[in-house]
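These are my notes from going through one structure, entry by entry. I wrote down what I looked up and what I found.

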Amino acid sequence: MITLGIDIGSLSTKSAILNDNSVVAYDVVYTGGDNRQSAETTFNNVLAKAGLTKQDIDVIVTTGYGRENVPFADKHVSEITCHAKGMHFLNPSIRTVLDIGGQDSKAIQIGEKGNVVNFMMNDKCAAGCGRFLDIIARALGVKLEELGGIHQTATSTARISSMCTVFAETEVVSLVAVGTPTPSIIKGVHESIATRAIALLKAVGIKEPLGMSGGVAKNIGIVSALQDLLNMKVEVTDYPQVTGAIGAAYIGQSA
């Protein structure tokens, strides 16, 4: 059975195709101002990558903010459920999921079959999310994908006290002005994000193993900060950014 999942996030729209228990292809595009168009774009992209046509797909499942705005979908499912199922599909041993996306964070405790046991979501502020990291990277004049590597070279940690994106950016600019090393600033930013994420996790209840999904999971600095502060392993799959889309496609397998 071939199924396709589309996850429409605030910053990026992701798609994934499953053929039974295998990930066939995936794709990521910027959402922009038209989430229906971004869904169509990633849909066509992932079909091309897989060498398939729309007629080859048995079920299409959408999730995320714009999940009900896709006319060619067969089913719409919440992102909490899809991230839980996606993580279960990729690593069945995981019992707690931390998903840090573009503009929100989710902590999800899951059962043995990937069912949602408990969850909490922070969608009131972008601080501690992908958008926040993008702003910090620009303020420091580095590429977003370079943050994790630079973190690894830090010999000290600059304290970032503000929990607001705007004020934190001002704080970073002030640290640059007084000559604080860039690696120290980045490590401080990552620890600030990790601290906020841990508060969300503790509110849900952390059951090991702990897995991380979302685009921010690709940042080794964030993962390292979480592991240091929690004193536990944080598992990251091969497909962290498209976990929700994979979960949607996985749900389609039993539709």
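**Entry 1: a hairpin and its sheet**

I began with strands β7 (residues 105–110) and β8 (residues 116–122), which run antiparallel and are joined by six bridges. The model is predicted, so I noted that local features need pLDDT of at least 70 and side-chain atom pairs 80 or more, while totals for chains, interfaces and linings use all residues. Residues are numbered from 1 along each chain as its sequence is written, and side-chain values use heavy atoms, with hydrogens and water left out.

I also noted the terms: strands (E, at least two residues) and helices (H or I, at least four) are DSSP runs numbered from the N terminus. Two strands pair if DSSP finds at least two bridges between them.

I looked up the bridge partner of Ala 107 and found Met 120 in β8. The hairpin of β7 and β8 has five residues between the strands, and Gly 114 takes a positive phi near 80° there.

Angles are taken between lines fitted to C-alpha atoms, for helices over the stretch in contact, and run from 0 to 180 degrees between N-to-C directions.

At the other end I checked β9 (residues 210–213), which runs parallel to β10 and is joined to that strand by three bridges. Gly 211 stands opposite Glu 235 in β10. Contact means heavy atoms within 4.5 Å.

**Entry 2: the other sheet**

What is the strand order in the other open sheet of five strands? I read β3-β2-β1-β4-β5, with mixed pairing. β3 (22–30) and β5 (75–76) are at the edges; each has a single partner strand, so one side of each lacks a neighbour in the sheet.

β1 (residues 2–8) and β2 (residues 12–19) pair in the antiparallel sense over seven bridges. Asp 7 has Lys 14 in β2 as its bridge partner. Helix α1 (residues 35–50) packs on the sheet and touches β1, β2, β3 and β4 (59–64), its direction making about 140° with that of β3. Helix α2 (residues 79–90) lies across β1, β2, β3 and β4 and runs at about 115° to β4.

**Entry 3: covered helices**

Here I looked at burial (buried is under 20% relative accessible area, exposed over 50%, partly exposed in between, with a 1.4 Å probe and protein chains only). Helix α8 (residues 243–252) has nine of its 10 residues buried, so it is largely enclosed by the rest of the structure.

α3 is mostly covered, with eight of its 11 residues buried. Among them are Phe 132, Leu 133 and Asp 134. The cover includes β6 (96–100), α4, α5 (165–177), α6 and α7 (220–230). Gly 141 follows α3 and has a positive phi, near 75°.

Gly 188 is in helix α6 (residues 182–204). Is Gly 188 buried or exposed? I found 5% relative accessibility, which counts as buried. Not counting residues up to four places away in sequence, Gly 188 touches Thr 157, Ala 158 and Ile 160. Gly 188 and Thr 157 are 31 residues apart in sequence, yet 5.1 Å apart in space, C-alpha to C-alpha.

Ser 184 is also placed in α6. At 3% relative accessibility, Ser 184 counts as buried. Leaving aside neighbours within four places in sequence, Ser 184 is in contact with Ala 154, Ser 156, Thr 157 and Ala 158.

**Entry 4: cysteines**

How many disulfides does the structure hold? I counted zero; a disulfide is a pair of cysteine sulfur atoms within 2.5 Å. The sulfur of Cys 82 is 19 Å from the closest cysteine sulfur, in Cys 129, which is too far for a bond. Cys 82 is buried at 0% relative accessibility, and Cys 129 is buried at 0%.
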